[in-house]
Structures are given as C-alpha cells and as structure tokens.
Amino acid sequence: MDLAKGIDSLAIKLNLSEFIDTIEYRVARSREELEKAYALVYQEYLKRGYAQKNTSGLRLSLFNSFPQTATFIAVSGEEILATASLIPDSPCGLPMDTIYNKELGSLFREKNKKICEVSMLASRTYLFKDGVSVMLNAKKLFFVFFLFKAIFDYVRFILRLDYMCITLNPKHSLTYDF
C-alpha cells in the first residue's frame, strides 16, 4: 500500500485519540530525518508559491546550519507528516529580522528578553486534503497543536526562553489569530 494513502486512510478511519496516538512529535534525530523535513517544506512551499524550484529539492537557510536550531517533526513510522524549525536568537538574528528587526528590538531585545522564531512550518497536503480550515477540523487542529506543544515545551523547559515568534502568510491569519 502507498504510504501516503495508508496515512490518509488512517486519518479518516481513526477517531481523534487513535489518530494522534499514531504520531510521534519530536526533534529530528538524524540527517535522513532532517533531509525529509527540509524536502517536505520545499514540496509544500513550492505548491503554494512560497519557494522557487531548486536542484536540491530542499528548503534550507543559513539558520538551519546553526547548532542551536532544532527541527521538529510529526512522524508516523518512517513518514514525516509535518515539520517546523525552532531558531533561537543569536548574533546573526532571526529570519524574521529582515522584516521585523525594529519590532524585535523594541519588544524583546532592548528589554533583554530571550526569543526564538518558529520557521519552516509545513504539513503534508494529502493528510487533510479536503480543504477544511484547521479551525473546523478537530484532527487537523490537534495535529498542529501537538506539534506546537512539543516546540513550546522545548522552548520553556529546555531553552528557557521568554518568547516564541512566528511570521505567517496573511492568508493563514484566521488559523492563528485569537
């Protein structure tokens, strides 16, 4: 059976608790997992016009090479279903500094607050392909929630940072606005 069809089938057949129990949320542990995560970001961003075609088939930035950057994955078996990278602030700044440097300075850095950015968030399109907003699909909502919870716990308990920041495409604002 095609793995994508198998996971898609699981998402439809299982109740919410059973579905969530099939997924492990954690930091990528190997080069292979990192490559799969960066390939997922590339594929999904390319579909949406957020990335340009490249020969590597990976979406990477300088920040991915920093030792403090952590790439989180939602994985079922060998298949990475979603990913997000956590980038702590450094002398090189954050990816969002290209747009929000002044705001990051006045809101956080000038107050000696420790910050990070959640970047490169992507999930497999086929998993929730019916086009229903994350806010109207309990499985999708909890799927994203558990990924962010793993990231939040890492920021709070491991890195002990004060704030997490994220930039969003305006078309996704309803999902994250509260």
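**Notebook: helix α4 first, then the rest**

I started at helix α4, and noted that β4 (115-123) and β5 are among what covers its buried residues. For helices (H or I, at least four residues) and strands (E, at least two) I used DSSP runs, numbered from the N terminus. Buried means under 20% relative accessible area, exposed over 50%, and partly exposed in between, with a 1.4 Å probe and protein chains only. The model is predicted, so I took local features only at pLDDT of at least 70 and side-chain atom pairs only at pLDDT 80 or more, while totals for chains, interfaces and linings use all residues. Residues are numbered from 1 along each chain as its sequence is written, and side-chain values use heavy atoms, with hydrogens and water left out.

Next I listed the buried residues of α4 (residues 97-107), which are D97, L104 and G105. They lie on the same side of α4, because they cover an arc of only 95° around the axis. The arc is taken over the directions from the helix axis to the C-beta atoms. On the face turned away from the buried side of α4 I found the exposed residues I99 and K102.

**Overall layout**

I counted six helices and five strands in the protein chain. Their order from the N terminus is α-α-β-α-β-β-α-β-α-β-α. The chain has 178 residues, 40% of them buried. Taking contact as heavy atoms within 4.5 Å, I checked the contacts with a separation of 6 or more, and residues 24 or more positions apart account for 67% of these.

**Sheet**

I traced an open sheet of five strands in the order β1-β2-β3-β4-β5, with mixed pairing. The edge strands are β1 (24-27) and β5 (163-166); each has a single partner strand, so one side of each has no neighbour in the sheet. From one strand to the next the twist averages 25°. The axes behind that angle are lines fitted to C-alpha atoms, for helices over the stretch in contact, and angles run from 0 to 180 degrees between N-to-C directions. Two strands pair if DSSP finds at least two bridges between them. For β2 (residues 70-76) and β3 (residues 79-88) I found seven bridges, and the two run antiparallel. V75 has I80 in β3 as its bridge partner.

**Cores**

I define a nonpolar core as a set of buried Ala, Val, Leu, Ile, Met, Phe, Trp, Tyr and Cys residues joined through side-chain atoms within 4.5 Å. The largest one has 21 residues, of which I23, Y25, L86, F143, L147 and I151 touch the most other members. At least two residues each come from α2 (16-21), β2, β3, β4 and α5 (138-159). The largest share, five residues, is from α5. I also noted a second, separate core of 12 residues, with Y38, V41, Y45 and I80 among them.

I then took L86 by itself. Leaving out residues up to four places away in sequence, L86 touches Q68, T69, A70, F72, C116, E117, V118, I151, Y154, V155 and L159.

**Single residues**

Which residues does I20 contact, its neighbours within four places in sequence left aside? I found Y25, F142, F143 and F146. I20 lies in helix α2 and is buried, at a relative accessible area of 11%. I also checked I20 against K140: they are 120 residues apart in sequence and 9.8 Å apart in space, C-alpha to C-alpha.

E33 is in helix α3 (residues 31-48). Is E33 buried or exposed? I noted a relative accessible area of 15%, so E33 counts as buried. Beyond its neighbours within four places in sequence, E33 contacts R26, V27, A28, I73 and I80.

**Backbone**

Most residues other than glycine have a negative phi. I noted M120, not a glycine, with a positive phi of about 55°. M120 is in strand β4 and counts as buried at 8% relative accessibility. R160 also has a positive value, with phi near 55°. R160 sits in the loop between α5 and β5 and counts as exposed at 55% relative accessibility.

**Cysteines**

How many disulfides does the structure hold? I found zero, a disulfide being a pair of cysteine sulfur atoms within 2.5 Å. The closest cysteine sulfur to that of C116 is in C165, 6.9 Å away and so too far for a bond. C116 counts as buried, at 0% relative accessibility.
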